[in-house]
Amino acid sequence: MTKIKICGLSRLSDVDRANGLAVEYVGFVFAESRRQVTPPQAEALKARLSSDIQSVGVFVNDGIQKIEWLVNQHVIDVAQLHGQEDEAYIQELKKLCPNTPIWKAVTVENGVDFTQWDSVDCFVLDNGAGGTGERFDWSLLPTLQITKPYFLAGGLTPENVEQALTFAPYGVDVSGGVETDGNKDGNKMKLFVSKVRGI
Ligand SMILES: O=C(O)c1ccccc1NCC(=O)[C@H](O)[C@H](O)COP(=O)(O)O
């Protein structure tokens, strides 16, 4: 079954909406963003999150100790790296947080070499400008040598997610496509999930 991640939750009401949906992951953005949350805010969101849903911390070139702290406090279950984090950074993070899955966001372009991030557990394929609601050229997908399971991200909406599923990603990751006026929209979240689940 395709995994679903709804990214950029920042209000307790967003979490309440996600709790009622069949999603596997929600994302808390710690990077600079209009969706950014502080560690104390994320702690409160996580406390409200259903135990069936995993929380993914989204970081851009952040300090490894900050990620380790959020893992140890059980604020995040997965670390998603959206910057220029290299294999050495990922290995260091793995050493400190051996049981935490690490996902690497990769900008999809011709000939990208996925083997450079050998220690990650999963890729998040997007347009290189996280959370902007823009798609990359999906026709490149069949040409890539992707070495791990991947989430398809960037510009997904309830209207286009069925087309995204034809590439059989491990999961789909949405943020802007389930928002209205910059806030998560419970009806769009629900519609997105029902399109993925075919219900
Ligand atoms: O969401 C953000 O504001 C953000 C900021 C900086 C780095 C990454 C960010 N989001 C990462 C995500 O996981 C998004 O879900 C993903 O890129 C899809 O976003 P969207 O195109 O809006 O659906």
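This is a predicted model: local features need pLDDT of at least 70, side-chain atom pairs count only at pLDDT 80 or more; totals for chains, interfaces and linings use all residues.
A crossover counts as right-handed if, with the strands pointing away from me, the path from the first strand over the helix to the second runs clockwise.

**Entry 1: S3 to S4**
I followed the chain from S3 through H3 into S4, and this β-α-β crossover is right-handed. Next I looked at how the two strands sit together. S3 covers residues 54-59 and S4 covers residues 78-81, and they pair in the parallel sense over four bridges. I picked out valine 56 and found valine 78 of S4 opposite.

**Entry 2: S4 to S5**
I kept going along the chain. S4, H4 and S5 make another β-α-β unit, and I noted that unit as right-handed. S5 is residues 102-107, and three bridges join S5 to S4, with the two strands running parallel. For a landmark I took leucine 81, whose bridge partner in S5 is lysine 104.

**Entry 3: H3 against H4**
What angle do H3 and H4 pack at? I have about 30 degrees, with the axes 10 Å apart, for H3 at residues 64-72 and H4 at residues 87-96. Their crossing is right-handed. I then listed who touches whom: Ile64, Ile67 and Glu68 come from H3, and they meet Glu92, Leu93 and Leu96 of H4. Sorted by class, the H3 contact with H4 holds four nonpolar residues, two charged and no polar.

**Entry 4: the other end of the strand order**
I went back to S1, residues 3-6. Which strands does S1 pair with? One is S8, residues 171-174, in the parallel sense over four bridges. Lysine 3 stands opposite glycine 171 of S8 there. S2, residues 25-29, is also a partner, again parallel, over two bridges. In S2, valine 26 is the bridge partner of isoleucine 6. To get from S1 to S2 the chain goes through H1, residues 12-19, and I have this β-α-β crossover down as right-handed.

**Entry 5: the whole barrel**
The eight strands form a closed barrel in the order S1-S2-S3-S4-S5-S6-S7-S8, with parallel pairing. From one strand to the next the twist averages 25 degrees.

**Entry 6: around the ligand**
Last stop was the ligand. How many residues surround it? I have 24, and the closest are Cys7, Ser33, Gly130, Gly131 and Gly176. The elements giving two or more residues to this shell are S2 and S8. By class, the shell divides into 13 polar, eight nonpolar and three charged residues. Gly counts as polar in this scheme and Cys as nonpolar, a point I jotted beside Gly130, Gly131, Gly176 and Cys7 on the list of closest residues.

Notes: Residues are numbered from 1 along each chain as its sequence is written. Two strands pair if DSSP finds at least two bridges between them. Axes are lines fitted to C-alpha atoms, for helices over the stretch in contact, and angles run from 0 to 180 degrees between N-to-C directions. A residue is near a molecule or strand if its C-beta atom, placed from the backbone, lies within 6 Å of it. A crossing is left-handed if the near helix is turned anticlockwise from the far one by less than a right angle, and right-handed if clockwise. Two residues are in contact if their C-beta atoms, placed from the backbone, lie within 7 Å.
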